[in-house]
Amino acid sequence: METVTGSDLLIEALQKEGVEIIFGYPGGAVLPIYDALYKNPIRHILTRHEQGAIHAAEGYARISGKPGVVFGTSGPGATNLVTGIADAMMDSLPLVVFTGQVGQNVIGTDAFQEADVIGITMPITKHNYQVTKIEDLPRIVKEAFHIATTGRPGPVVVDIPKNISADPVVSIQDDEPINLPGYQPNVTPNLLQVQKLVEAINQAKRPLILTGAGILHARASDAFLEFVNQTKIPVVSTLLGLGAFPASHPLAFGMAGMHGSYAANMAICEADLLINIGARFDDRLTGSLAHFAKEAVVAHIDIDPAEIGKNVKTPIPIVSDARLALESLNKAEYTTHSFEDWVAHLKDYQEAFPYWETEGHGAITPQTLIKLIHEKTNGEAIVTTDVGQHQMWTAQYYGFNQPNKWVTSGGLGTMGFGFPAAIGAQLASPKDQVVAIVGDGGFQMTLQELAVIKEFNLPVKIVICNNQTLGMVRQWQESFYEKRYSESLIPVQPDFVKLAEAYGIKGFKVEDVTELSQQLETALRLSEPVLIDCRVRGEENVTPMVAPGKGLHQMEGVTP
Ligand SMILES: Cc1ncc(C[n+]2csc(CCOP(=O)(O)OP(=O)(O)O)c2C)c(N)n1
């Protein structure tokens, strides 16, 4: 009888799932797994840090719609993955993460490189498993992919003790269908609830739709566009929902929330019906809940019933996949054919209170930088960001017109996310132009992955929005801590261009606004990785802003 190892079973199971790419980093407890991978056609991307691997897997999942797969070793390998796992959980990205574990005979003895991965990841995973019997491996892998990708997507961890991955076993055929009685996500909408929403739309005078990433995860932008064109309801977006609806559409009123547009926030304040499709009512979006959407009846379409009514009272709850709900809504009859006065009123806000920036006086303003990146990429690039001011300027100024081109860490707000996520995005979509817009602070958290874009000649363009500070922290200290810039100024920086060159990558430094356009164009044209260290005005702030604890109507910095 043929004998194989647990690792062989694992690789076979991954092939059955159609896995084409794995991001990871080896170590003692996963050596048997890496050995089984050695002659296998599945592509492995060796990042230079486990955090790079998991953010790359998130970028891959975000763009491809397929689960990102990660390998890491036990102990420090696994703990280095923790931030990315939590990030994927918050932003509903499907990941299947395999961690090595010490042998079962020493679990619980503080053995070398032992960490309680199950305990550590329990609150930040959709589900986790420790494999205790080799025979269970194929079933667990199958279940892990099922759980990660169905219902509300999320990360699943599979912890594999070394003896299980290394020991020989008689080859196991697993043809059983998945049987998880406790996990039956509901994806189809209740038609009575849908009808209730249709009636509410027909009665509303000032309806508004809030788009979230749920539309993007469901790949439902076409159905959504049809819904808006049919109902003529104006649309605002969350940070993560950008691109679900074209920013240039006449009914698009931009991003809402802390750094959203005044028009979008006032639309929420004044709406009489708020239809949330696939968004969490996150505090960065709602501001003070006591003041949130006071005039509105709230409808919420979400695949995760736990999100509905969690923060905001929701008389019209619809538990459903966004696409299925929209398809059903698109079949309905709408008696109101436009909300002209309401839309005109919002247009007045939009024209009177656009995003504004201070005069650069020859220096590059971050806003100019983002607008130029939009122009030079025709607004069609996949754009990833880190977290901070540059992230908010990108959200405000890039003008996402296409779905699934925007990759950012929204829920957890993870610095160091943007660059490795760009690697995963580029691997998921080799033909797309991928631009990673990063802060000089965040980039320094994961820049070792420059080795990866060099090794695989990934034509990712890295644009450092270099204000020589931890900009968003500096801004809060200016606004809320009387300019006490405690540990937010970072005067000592590497020479980023030389650093790129040290990895064998082209680097440009741009300081003058007159050179920016040309330099960007040159970099974007090259079919190789390029880093652009763009020096921007350091004292620029992201405006307008809803200060913490304030309502959306109390937005500050609306005008210069
Ligand atoms: C891992 C992590 N640590 C700390 C923070 C808190 N934080 C949020 S924004 C920010 C500053 C980011 O600075 P930079 O990367 O230079 O971007 P900028 O805001 O200047 O555009 C910090 C420290 C975070 N979000 N993530």
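This is a predicted model: local features need pLDDT of at least 70, side-chain atom pairs count only at pLDDT 80 or more; totals for chains, interfaces and linings use all residues.
Axes here are lines fitted to C-alpha atoms, for helices over the stretch in contact, and the angles between them run from 0 to 180 degrees between N-to-C directions.

Select residues 366-376, which form helix H16, together with residues 389-397, which form helix H17; the two pack at an angle of about 50°, and their axes are 9 Å apart. Angles under 35 degrees count as roughly parallel and those from 65 to 115 as roughly perpendicular, and H16 and H17 are therefore oblique to each other. Viewed as a crossing, the pair H16 and H17 is right-handed. To see where the helices touch, show the side chains of Pro 366, Gln 367, Ile 370, Lys 371 and His 374 in H16, which meet Trp 393, Thr 394 and Tyr 397 in H17. By class, the residues of this contact between H16 and H17 comprise four nonpolar, three polar and one charged.

Next, select the ligand and the residues around it, which number 17; those that come nearest are Gln 389, His 390, Gly 413, Gly 442 and Gly 471. Which side chain has an N or O atom 2.8 Å from an oxygen atom of the ligand? That side chain belongs to His 390. For Asp 440, an N or O atom in the side chain lies 3.3 Å from an oxygen atom of the ligand, while at Gly 441 a polar backbone atom is 2.8 Å from a ligand oxygen.

On the H11 side, the contact is made by Asp 222, Ala 223, Phe 224, Glu 226, Phe 227 and Gln 230, and on the H14 side by Arg 323, Leu 326, Leu 329 and Asn 330. Colouring the contact of H11 with H14 by class gives five nonpolar, two polar and three charged residues.

For another helix pair, select residues 50-64 for H3 and residues 82-90 for H5, where the packing angle is about 20° and the axes are 8 Å apart. That angle makes H3 roughly parallel to H5, and the crossing of these two helices, H3 and H5, is right-handed. The residues of the contact of H3 with H5 fall into three nonpolar, four polar and two charged.

The remaining stops concern the backbone. Most residues other than glycine have a negative phi, and most peptide bonds are trans. Select Ser 92, in the loop between H5 and strand E5 (95-101); although Ser 92 is not a glycine, its phi is positive, at about 55°. Finally, go to Pro 544, whose place is in the segment after strand E20 (530-535). Is the peptide bond from Thr 543 to Pro 544 cis or trans? The bond from Thr 543 to Pro 544 is cis, with omega near -15°.

Terms used:
Residues are numbered from 1 along each chain as its sequence is written. Side-chain values use heavy atoms; hydrogens and water are left out. Helices (H or I, at least four residues) and strands (E, at least two) are DSSP runs, numbered from the N terminus. Angles under 35 degrees count as roughly parallel, over 145 as roughly antiparallel, 65 to 115 as roughly perpendicular and the rest as oblique. A crossing is left-handed if the near helix is turned anticlockwise from the far one by less than a right angle, and right-handed if clockwise. Ala, Val, Leu, Ile, Met, Phe, Trp, Tyr, Cys and Pro count as nonpolar, Asp, Glu, Lys and Arg as charged, and the others, Gly among them, as polar. A residue is near a molecule or strand if one of its heavy atoms lies within 4 Å of it. A polar contact is a pair of N or O atoms within 3.5 Å; within protein, one must be able to donate a hydrogen and the other to accept it, and residues adjacent in sequence count only if both atoms are side-chain atoms. Contact means heavy atoms within 4.5 Å.
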